[in-house]
Amino acid sequence: MLLLYTLQTMNTQANHWADATALQIIQRKGEKPLYVCAAGITPSGTVHIGNFREIISVDLVVRALRDMGKKVRFIFSWDDFDVFRKVPANMPQRDMLASYLRKPITEVPNPYGQEQSYARHNEREVEKLLPLVGIEPEFIYQARRYAAGDYAQTMRHALEHKELIKGILNEHRTEELAADWWPVSVFCTSCLKDTTTITGWDGNYGISYSCSSCGNTETLDLRSTRTAKLFWRIDFPMRWSYEKVDFEPGGKEHHSAGGSFDTAVKIAEQVYDYRPPVTFKYDFIRIKGGGGKISSSSGNVISLGDVLDIYQPEIVRYLFAGTRPNSEFAVSFDLDVLKIYEDYDKCERIYFGVEDVGEKRRDKEKRIYELSQVHSVPPNMPVQIPLRHMCNLLQIYGGDIEAALACIPGGNDKRLRTRARCAWNWLENYAPPEFRFRLRTETVAAVSLSPAQAAAVGALYRRLEQDFAGFDEQSLAQCIYALAQENGLEPKEFFKIMYKILIDKEMGPRLAGFVLAIGREKILPLLKPYA
Ligand SMILES: [Zn+2]
């Protein structure tokens, strides 16, 4: 057992950043019966793909630990007891939402109507999608935790160590915290806003405040109130200690010098007597392409759902698994989509030994492939249809996914069906116009041709009618060149009239492969009027 573990460790050590992080956690925290890995997001707006990097970064490390035989608790904290500060640009009913500013986001109504609150709506949008990419954490709702009194003791502890905390925070501030600063904040029980000032603490669980919005004054018991909370910079390390967190990554904005990570480490150690978790910094995600569609419909917010419309779940994981967390990268909606699918397919071929690369590259790609899978690695290599070809097939069949899949050997496959759905979404919403076409359906001559052009098209018609099944892409390409030459046409001219006849465009997919993809039954009626 020990030997096996050592071998696994050596095997994975050099291969992937998630494995390196898992090893670091074990080294720093020691052998434990259970490791706790944490992610957290404030659902104060649509959770965007940059936020998703937090979740999947943790998932990848969780998987790495589990692959080393470790037990792991993966907690995902919804920081939904935060205050509603700003109405995001992409939300409907903005005036209604604006009237709830300064209240907890769990108290804001959902502008879409279905869920109980604004916060819950934003949470649900993510919770329903995460299983699709194989991520199933234990969700913790911080508003409920505070309301249940779970943190009463930790709040009292912070009040007892107010001066120590203040000193730590002041080290990183240009302007020192006021003399009457407290580590706890209160939402007014009368108007629900956080426009309150703490006026006293009884040295135990009693805390008094006054509200500048409605004039309410009151003394609360931290054990029973639903409205008191720790400020973020204290709340964050308190929860490390409360949940015994061993790993939590942080976005670039939290990982700057003197940022919330720096102060959290000190507060965890000095106030809560807790050894801080292993961490790393993850960088931002850019969005490339997408044009008007993205900015008009969603206020420039790209959610996991938007990305899953275009990318198979494995490829969404691949984007993140294949990039080191501290590198910025772009999620592309433009022609790069084709390249990303090609890269993933290549990674898959390398995994299954169908494509040969050097040993080092192979080990690296294999691990990325494993971590990209939603569940386990498939037993055999899935049927691969390049996205470009899938797009052509779908357009030939006018978007009928089942018809397109039916002409692919082994096409009745869940992954291919998902790929076809993504390809069609991409074509409909993001593909550049030169990439898109519609196969003509006319059975009359729609293009006027010179006698030489008509002769070439007619000759091609007869060859296809006689021996369509006998052609492969190469032999058909040779045939097309020969027919152009025999009829005194430049190949370019012949291609151009063929595209005109087939899709009413001057250019299109590579002709021989395209003709074969269109199939005998569809192409003969289109060429016959010229024959
Ligand atoms: Zn009030």
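**A residue and its surroundings**

Modeller: Cys211 has a relative accessibility of 5%, so this residue counts as buried. The model is a predicted one, and what follows should be read with that in mind.

Cys211 belongs to strand S6, which covers residues 206-211. Of the 6 residues of S6, 5 are buried, so the strand is largely enclosed by the rest of the structure.

Cys211 also takes part in a metal site. Its SG atom is one of the protein donors of the zinc ion, together with the SG atoms of Cys188, Cys191 and Cys214. These donors lie 2.3 to 2.4 Å from the zinc ion. The angles among the 4 donor atoms run from 100 to 119°, and the site is tetrahedral. For comparison, the ideal angle for four tetrahedral donors is 109.5 degrees. Along the chain, the donors follow the spacing C-x2-C-x19-C-x2-C. The pair Cys191 and Cys211 links distant parts of the chain, 20 residues apart. While Cys211 is in S6, Cys191 sits in the loop between strand S4 (184-186) and strand S5 (196-201). Cys191 has a relative accessibility of 16%; the cut-off for buried is under 20%, so Cys191 counts as buried.

Now consider the strands that pair with S6. On one side of the sequence is S5, which runs antiparallel to S6 and is joined to it by 5 bridges. In this pairing, Ile198 stands opposite Tyr209 of S6. The two strands form a hairpin with 4 residues between them, and Gly203 in the turn has a positive phi of about 85°.

The other partner is strand S7 (residues 217-221), also antiparallel to S6 and joined to it by 5 bridges. Here Ser208 stands opposite Thr219 in S7. S6 and S7 form a hairpin too, with 5 residues between the strands, and Gly215 has a positive phi near 80°.

The largest has 116 residues, and Phe52, Tyr311, Trp426, Leu464, Phe494, Leu502 and Leu527 touch the most other members. Helix H3 (residues 49-67) gives the largest share of this core, 10 residues. Apart from it lies another core of 34 residues, which includes Leu169, Tyr205, Leu222 and Ala228.

Elsewhere, Gln93 has a positive phi of about 50° although it is not a glycine. Gln93 lies in the loop between strand S2 (72-78) and helix H4 (94-98), and its relative accessible area of 45% makes it partly exposed. Asp273, again a residue other than glycine, has a positive phi near 50°. This residue is in the loop between helix H10 (260-270) and strand S10 (281-282). At 73% relative accessibility, Asp273 counts as exposed, whereas Cys211, where this account began, is buried at 5%.

Note on methods:
Residues are numbered from 1 along each chain as its sequence is written. This is a predicted model: local features need pLDDT of at least 70, side-chain atom pairs count only at pLDDT 80 or more; totals for chains, interfaces and linings use all residues. Side-chain values use heavy atoms; hydrogens and water are left out. Donors are N, O and S atoms within 2.8 Å of the metal (3.2 Å for Na, K and Ca); water is not among the atoms, so sites may look incomplete. Four donors count as tetrahedral if all angles lie between 85 and 135 degrees; four count as square planar and six as octahedral if opposite donors are over 155 degrees apart and all others between 65 and 115; anything else is irregular. Buried means under 20% relative accessible area, exposed over 50%, partly exposed in between (1.4 Å probe, protein chains only). A nonpolar core is a set of buried Ala, Val, Leu, Ile, Met, Phe, Trp, Tyr and Cys residues joined through side-chain atoms within 4.5 Å. Two strands pair if DSSP finds at least two bridges between them.
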